[in-house]
Amino acid sequence: MTDESIGDGGAWLPQWTPPPIERGQARPARIYDYLLGGKDNFEVDREAAEVALDLMPELRAMARVNRAFLGRAVRHLAEAGITQFLDIGSGIPGPGNTGEVARRVHPEARVVYVDYDPIVCAHSRALLVGADPDRTAILQADVREPKTILDSGAVHAVLDFDQPIAVLMVAVLDFVSDVEDAHGIAIQFLDALAPGSGLALSHASEGREPGKFGAARKGWNNATSQLVLRDRQEVGRFFTGTELLAPGVVIIPAWRPDHELTDAERDLDYGYAGVGIKR
Ligand SMILES: C[S@@+](CC[C@H](N)C(=O)[O-])C[C@H]1O[C@@H](n2cnc3c(N)ncnc32)[C@H](O)[C@@H]1O
């Protein structure tokens with residue numbers, strides 16, 4: 001993969017040309033955007049999402065609680081003193097994106113957004129026009145190629161790997177199979193980080209009604225990436241080598257909620273989340 005990176009203000013423009021936008025095949029980022037009520041999606045994404053929603057109406061709430069977890073995890077990691085963030089599978093940015101939340105705590109926070117989807121990168125660039133190129137970069141790259149990301153000049157121009165970095169893999173390893181070694185990928189990222197670094201991760205799971213999520217995801221069988229479901233133990237294994245912050249690996253809305261959970265949220269067990277600190 002080429003280093004299609006770009007910082008704000010055009011500091012990173014190595015042979016960058018606007019990527020072709022793929023309208024013919026549903027894409028995880030645009031399905032997720034539709035579930036969140038966004039407008040950055042096409043007919044093919046909406047159709048895929050609606051097939052899934054017919055079988056599993058909870059998907060909208062799942063998307064919402066997942067995005068909210070991302071914000072809480074970033075805030076807690078920033079409050080714990082981390083000022084650098086590597087957001088992998090960052091998605092189409094909305095209000096409360098990683099940089100916004102981190103800079104409420106540390107105005108000088110450094111953030112690199114990584115996603116394999118050209119539309120995500122295009123939206124991220126638009127959002128970040130005018131931001132400080134020394135503190136923000138966007139990299140179009142695939143989480144399944146950790147070395148590409150970890151060796152990228154754009155990443156190293158913004159993040160200092162001798163200091164703690166929070167790696168965010170929020171609802172992204174769901175698109176990486178065991179054959180592609182999802183757990184090995186997480187280890188490669190953790191290995192590259194200094195002690196005191198963080199890992200925030202959420203992941204889809206079967207939930208209390210076995211078969212339901214599995215059936216619903218068939219709605220996007222033709223999407224560019226398939227959704228993998230993992231149970232709580234498998235999600236916990238991503239945190240090997242870290243010390244889990246309380247309350248550990250829990251259903252997504254229950255990770256340090258900032259309001260009393262509703263009954264509906266308590267029942268939302270189609271995914272797990274956690275935050276660990278590298279020893
Ligand atoms: C469900 S969205 C999650 C977005 C964001 N992390 C959040 O939680 O709000 C999944 C994101 O992962 C990205 N993604 C999926 N597979 C990927 C891969 N192999 N490499 C990089 N990004 C990937 C998609 O493009 C999409 O933006």
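**Exercise 1. Find which residues come nearest the ligand, and sort its shell by class.**

Solution. Step 1: take the shell, meaning residues with a heavy atom within 4 Å of the molecule. There are 20 residues around the ligand. Tyr32, Arg67, Gly89, Asp115 and Val170 come nearest.

This is a predicted model: local features need pLDDT of at least 70, side-chain atom pairs count only at pLDDT 80 or more, and totals for chains, interfaces and linings use all residues. Residues are numbered from 1 along each chain as its sequence is written, and side-chain values use heavy atoms, without hydrogens and water.

Step 1: sort by class. Ala, Val, Leu, Ile, Met, Phe, Trp, Tyr, Cys and Pro are nonpolar; Asp, Glu, Lys and Arg are charged; the others, including Gly, are polar. The shell has 11 nonpolar, four polar and five charged residues.

Step 2: look for helices (DSSP runs of H or I, at least four residues, numbered from the N terminus). H1 and H3 each supply at least two shell residues. H3 gives the most, with three.

**Exercise 2. Identify the space that the ligand takes, and describe its lining.**

Solution. Step 1: identify the space. The ligand takes the largest cavity. A cavity is a set of points, on a 1 Å grid over the protein atoms alone, where a 1.4 Å probe fits but cannot get out. A molecule sits in one if more than half of its atoms lie within 2 Å of its grid points.

Step 1: give the volume, the space filled by probe spheres set on points joined across faces, edges and corners. For the largest cavity this is about 640 Å³.

Step 2: describe the lining (residues with an atom within 4 Å of a point). Of its 39 residues, Pro28, Tyr32, Ala171, Val172 and Phe175 are closest to the centre. The lining divides into 26 nonpolar, seven polar and six charged residues. H3 gives the most, with six residues.

Note on methods
On a 1 Å grid over the protein atoms alone, a cavity is a set of points where a 1.4 Å probe fits but cannot get out, and a pocket is an open set with protein on both sides within 12 Å along at least five of seven lines; lining residues have an atom within 4 Å of a point.
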